[in-house]
Amino acid sequence: MANDIRVEYHRAAGLPPRIFAFRDFRQEKRTPNIVVSKSNPWKPFKTRLDFELAEFTQKASLNKQLINSLFKLVKDIVSKPTDLTLESADDVNRVWESATLYHPSFTSTSISQPYKGEDKVFDFYSRPLWEWVLSQVQDPLLAPYMEWDAQRLSKFDGTKWVRFYDEPWTARKFAEVQSDISRVRSGGKPLAIILWADTSVLSTFGTQKGHYIVARVGNLPMWIRNGRSFGGGRVVGFLPIVQGMVGEQKKPGFVNWKNAVYHKAFEVFLEDVARISKLGQMVLCGDDVFRVLFPYIHILSADYEEQCHFTLIRGLNGLAPCPVCLVPKGTLSDLRTRYQYRSAVENEVLVRLTAPSAEKEYELKSRGLRNVENALWAVANTDVHQALSYDRLHVDIIGMFQKHILPEIKTELKHLGRRAQVEFDETYMNMARWSDLAHFKHGILTLDFSDGKKWADVARILIHAAHNVMSEAKSPKGFALLKVFRKWHELNMYLSFEVHTEETIPAYDRTLNTFHDRLAEYIDLNEGDDLTDVKDWNRIIKLHVHVHAARDIRMKGVIANMDTKVNENLNGAMRNAYRMQTNFKNVEPQVRDCT
């Protein structure tokens, strides 16, 4: 029947295909075979009131002095003093410390890396990644939602079955890993790990930074995995902040050393996962079923700077600036040509097994690669270049739109004169108010903010604001630019889909080709202009990475699985913890206690 859903499981699962009516798909109630105690769920706190008050102190970001003051006031007014057994901030911290027995706590490891003949030592704070993963896998509340087998999902359109993708286990990488595992251990199950890393400014003036890692379990559905409750992301590490002397921060020797420190920390962080990924480990899961689990890195979510650290490429100044493929420098605006994908195996052979020589250095340089060993090589079924994923927030919203397309539109409006600028801004000011759409009462030409959602709202209204002002008759270049923007907006629409099919993905690719053509037309119109006022689109890596989005969807599921937006929301919480719960000295140990 039309709209029916077919689920085909990986052959290693030994399960027959199932067909659901559309209304019933993923609506079946799966009741966990467990009994959760309801008598005292607030353990290890002695009473519920103890727990609620301690939780309040965390949410309010109270420091030690304020917590002590709060207890003094509460003891004067509480109606049930016998229910309140806590008396100081130390008591709160002591019980929180006992609560860490239920979750992996942070440990400190000294990372040593020689630089200019001297060993430099850094403290790396992290939770044991494998222990944290096990805490999720063995949680009886999460057990009913864990998916352990790859699935091929199809929807019947009335004449044929059309494959679609959403969660990680519906994509190709999960199935490939399960196939590889079945050759090592019959019945082994893939355990998909999703990692995000980023550097965030914690202090107002940017003097204090935090470089943290967040982990999620890809076997959980998106609504749990990307949430803020049980099964959501957790800060699992604080990478060392490597500061260089002025004048040497961009020198190759220092940059290579900084990357070596980065991967030395990741080597410690991934040690247990790397070992277990090869032969698996028998685990009693939360549903009381023993499974042999094989962890691997399914997704690495990061902005471009962090991707360069993950893959050890030389960045935009390298001869091959893309962390995923070998596109040559200076050709990033060519969206029709596909280049060879990078391979972690080939890079490992080149860096680790090839003797130092002029030929090796030439090959490294031609690949835009640094002569540093990559810690992720140790994790089985993980190719760092394949795990790196499309970052819609930084690529499209605050990348292509905010930093590239919108400035070009502002320049064209400036050429058209003040009246055009006023008319453009007035459209934003007079736009009817809609739910979930920001209202720009002062227009947008003079505004600047860091909220990606607001920039997305600016993009949603732009065509309405600009099409009368930048008509083909008034501004041929402006009109050509609006055609570029229109196609980019369509690309962004496709990338926002929470379900993709084998029909929508080719539609994205066709739109990408049209976007390429519209951009080429706009670039041609700019030839002959003052070169200081013309953008070099061939240096914009955020333009090029659109060619990898379709592959990412087929390999790892929809873009929402890998977008950095869900993790960037943690930056505000980390800044609040820094401002409200630290003494601004030796910050990492204090901030980690708040995560």
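The chain has a secondary structure of 22 helices and 12 strands. The model is a predicted one. Of the 595 residues in the chain, 50% are buried. The accessible surface amounts to about 29,400 Å², and carbon and sulfur atoms account for 52% of that area. Among the contacts in the chain with a separation of 6 or more, 67% are between residues 24 or more positions apart.

Strands of a sheet pair through backbone hydrogen bonds, in either a parallel or an antiparallel sense. Here, 5 strands make up an open sheet with antiparallel pairing, and their order is S2-S1-S5-S6-S12. The edges are taken by strand S2 (18-20) and strand S12 (500-501); each has a single partner strand, so one side of each has no neighbour in the sheet.

Within this sheet, strand S1 (residues 5-9) is joined to strand S5 (residues 151-156) by 5 bridges, in the antiparallel sense. Glu8 is placed opposite Arg152 in S5. Side chains of opposite charge can pair when their charged atoms come close. Glu8 and Arg152 do form a salt bridge, with 3.9 Å between the closest N and O atoms. Because Glu8 belongs to strand S1 and Arg152 to strand S5, the pair ties together parts that lie 144 residues apart in sequence. How accessible is Glu8? Glu8 counts as partly exposed, since its relative accessibility is 26%. Arg152 also counts as partly exposed, at 40% relative accessibility.

The structure holds 29 salt bridges, and a few others can be followed here. One of them joins Arg225 to Glu167, where the closest N and O atoms are 3.3 Å apart. This pair links distant parts of the chain: Arg225 sits in helix H6 (residues 222-225), while Glu167 sits in the loop between strand S6 (161-165) and helix H5 (172-184), and the two are 58 residues apart. Are Arg225 and Glu167 buried or exposed? Both residues are buried.

Glu490 pairs with Lys487, the closest N and O atoms being 3.1 Å apart. Both belong to helix H16, and because they are 3 residues apart there, about one helical turn separates them. Lys487 has a relative accessible area of 19%; the limit for a buried residue is under 20%, so Lys487 counts as buried. Salt bridges can also share partners, and in this way Asp436, Lys453, Asp457 and Arg460 are joined into one network.

Helix H16 (residues 476-495) also contains Asn492. Asn492 is buried, its relative accessible area being 6%. Leaving aside residues up to four places away in sequence, Asn492 touches Arg392, Asp396 and Ile397.

Strand S8 (residues 209-217) is mostly covered, with 8 of its 9 residues buried. S8 runs antiparallel to strand S9 (residues 234-238), and 4 bridges join the two. Ile213 has Gly237 in S9 as its bridge partner.

Strand S11 (residues 290-301) includes His298. What is the relative accessibility of His298? The value is 1%, so His298 counts as buried. Its contacts, not counting residues up to four places away in sequence, are Pro168, Lys173, Phe174, Ala192, Ile193, Ala387, Met555 and Lys556. The side chain of His298 also makes a polar contact of 2.8 Å with the side chain of Tyr296.

Met282, Leu284 and Phe290 make a nonpolar surface patch of about 310 Å². Met282 is in strand S10 (residues 281-284). With a relative accessible area of 47%, Met282 is partly exposed; residues of a patch need over 30%, so Met282 can take part in one on that count.

Methods. Residues are numbered from 1 along each chain as its sequence is written. This is a predicted model: local features need pLDDT of at least 70, side-chain atom pairs count only at pLDDT 80 or more; totals for chains, interfaces and linings use all residues. Side-chain values use heavy atoms; hydrogens and water are left out. Patches are made of residues with over 30% relative accessible area and no salt bridge: like charges are joined within 9 Å, nonpolar side chains (Val, Leu, Ile, Met, Phe, Trp, Tyr) within 5 Å. Accessible areas come from the Shrake-Rupley method with a 1.4 Å probe; for residues, only the protein chains shown count as cover. A salt bridge is a side-chain nitrogen of Lys or Arg within 4 Å of a carboxyl oxygen of Asp or Glu. Buried means under 20% relative accessible area, exposed over 50%, partly exposed in between (1.4 Å probe, protein chains only). Two strands pair if DSSP finds at least two bridges between them. Contact means heavy atoms within 4.5 Å. A polar contact is a pair of N or O atoms within 3.5 Å; within protein, one must be able to donate a hydrogen and the other to accept it, and residues adjacent in sequence count only if both atoms are side-chain atoms.
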